[in-house]
Amino acid sequence: MVSVRERDFKISVSTTHVDAGEVVFRDRNLGPDAHELIVVRSDRAGLRLRADGMTVDEDGLEKLIVGALEPGSAGETRELRVLLVPGTYTLLCNMYGHYMGGMHSTLVVA
Ligand SMILES: [Cu+2]
């Protein structure tokens, strides 16, 4: 279980290293905006920005995105259960401007 806290504009995680296998992210949105949570394997391909310069280009990342939560309101707590193989992952919110605002965090799975 990894506790994730999202707020404008930061993602904090309770740990940055977990064992491979089933991982549950317990994601709490402290707001005030809605936030999504995307978990993407980021050691296979770098995260490129779209032409807008503000959001991560998710095209071509489909196979590397291991799980996602749609935008959730402030105050919501949700769980995302994923199976992770060893590697480096990025947790991010890709709502307009949020990634560039600082909403990303690294997780190492070994
Ligand atoms: Cu966000």
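Q: Are His35 and His98 buried or exposed?
A: This is a predicted model, in which local features need pLDDT of at least 70, side-chain atom pairs count only at pLDDT 80 or more, and totals for chains, interfaces and linings use all residues. Residues are numbered from 1 along each chain as its sequence is written, and side-chain values use heavy atoms, with hydrogens and water left out. Buried means under 20% relative accessible area, exposed over 50%, and partly exposed in between, with a 1.4 Å probe and protein chains only. By that scale, His35 and His98 are both buried.

Q: Which residues coordinate the copper ion?
A: Donors are N, O and S atoms within 2.8 Å of the metal (3.2 Å for Na, K and Ca), and because water is not among the atoms, sites may look incomplete. The donor atoms lie at 2.0 to 2.2 Å, and they are ND1 of His35, SG of Cys93 and ND1 of His98.

Q: Why is β8 largely enclosed by the rest of the structure?
A: Strands are DSSP runs of E with at least two residues, numbered from the N terminus. β8 is largely enclosed because, of its six residues, the number buried is five.

Q: How many bridges join β8 to β9?
A: Two strands pair if DSSP finds at least two bridges between them. β8 also pairs with β5 in the antiparallel sense over four bridges, and Val40 has Thr90 in β8 as its bridge partner. Between β8 and β9, which run antiparallel, the number of bridges is six.
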